[in-house]
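Take a look at the structure below.

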Amino acid sequence: ALVAAGFTVSSALRPSTEEEAGRVEALLATGLSRRGWLAAHVAVTLAGTVAVLTGGGLGLGLGYALVTGDSGRICPFLVDTLGYAAPTLVVSGLARLLYGAAPRWATLAWLGLGLGVVMVFFGPLLHLPGWLQDLSPYHHLALVPAKAFSWVPFLGLMLVAAALSVVGQAAFARRDVN
């Protein structure tokens, strides 16, 4: 999931790179709408995130099947891995919000991924306070397959991701493009 988050942040920040290179202004002068241009980037980020998570889930399932001989676990590993789309898309939404509202600060979205990594690997080990661990979107999901998947945090994180993305897209639609 964290590898997917790396792709997702990079993909969500791609519009910033295009703008800094001076390619956006020419595209938008052709009649392509701002919303359409950014929506295409959002679609690539969503599809790529699902593809990376799918590849990771299949890899885990196939690896498990090769080691144990139990091929019946391939699909459950795949489904469990796709559950990490929600927190990964929250990090993407943060990147889009920063890009839309304050493009100079857009690279700070990488801190969202960094926080997720630190909290997943070191939060419980270092006995960090719960409120600090709660800042990571990955902290809210059950650690599947050790624990059962829960729809409530997944759907809540998907709503947060959508809200961040929509607000970021609206902010982009209102600001000047360099």
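Ala 47 counts as partly exposed, because its relative accessibility is 49% and exposed means over 50%. Keep in mind that this is a predicted model. Ala 47 is found in helix α4.

**Two helices side by side**

Now turn to α6 and α7. Their axes come within 8 Å and cross at roughly 160°. Angles over 145 degrees count as roughly antiparallel, so α6 and α7 are roughly antiparallel to each other. Their crossing is right-handed. The table shows which residues meet there.

| α6 | 85–101 | Val 91, Leu 94, Ala 95, Leu 98 |
| α7 | 109–122 | Ala 109, Gly 112, Leu 113 |

By class, this contact has 6 nonpolar residues and 1 polar residue. It has no charged residues.

**The core**

Which residues touch the most other members of the largest nonpolar core? They are Val 9, Trp 37, Tyr 99 and Phe 172, in a core of 29 residues. Six helices each supply at least two residues of this core: α1, α3, α4, α6, α7 and α9. The largest share, 8 residues, comes from α6.

Leaving out residues up to four places away in sequence, Val 9 touches Val 91, Ala 109, Trp 110 and Leu 113.

Terms used
Residues are numbered from 1 along each chain as its sequence is written. This is a predicted model: local features need pLDDT of at least 70, side-chain atom pairs count only at pLDDT 80 or more; totals for chains, interfaces and linings use all residues. Side-chain values use heavy atoms; hydrogens and water are left out. A nonpolar core is a set of buried Ala, Val, Leu, Ile, Met, Phe, Trp, Tyr and Cys residues joined through side-chain atoms within 4.5 Å. Buried means under 20% relative accessible area, exposed over 50%, partly exposed in between (1.4 Å probe, protein chains only). Helices (H or I, at least four residues) and strands (E, at least two) are DSSP runs, numbered from the N terminus. Contact means heavy atoms within 4.5 Å. Axes are lines fitted to C-alpha atoms, for helices over the stretch in contact, and angles run from 0 to 180 degrees between N-to-C directions. Angles under 35 degrees count as roughly parallel, over 145 as roughly antiparallel, 65 to 115 as roughly perpendicular and the rest as oblique. A crossing is left-handed if the near helix is turned anticlockwise from the far one by less than a right angle, and right-handed if clockwise. Ala, Val, Leu, Ile, Met, Phe, Trp, Tyr, Cys and Pro count as nonpolar, Asp, Glu, Lys and Arg as charged, and the others, Gly among them, as polar.
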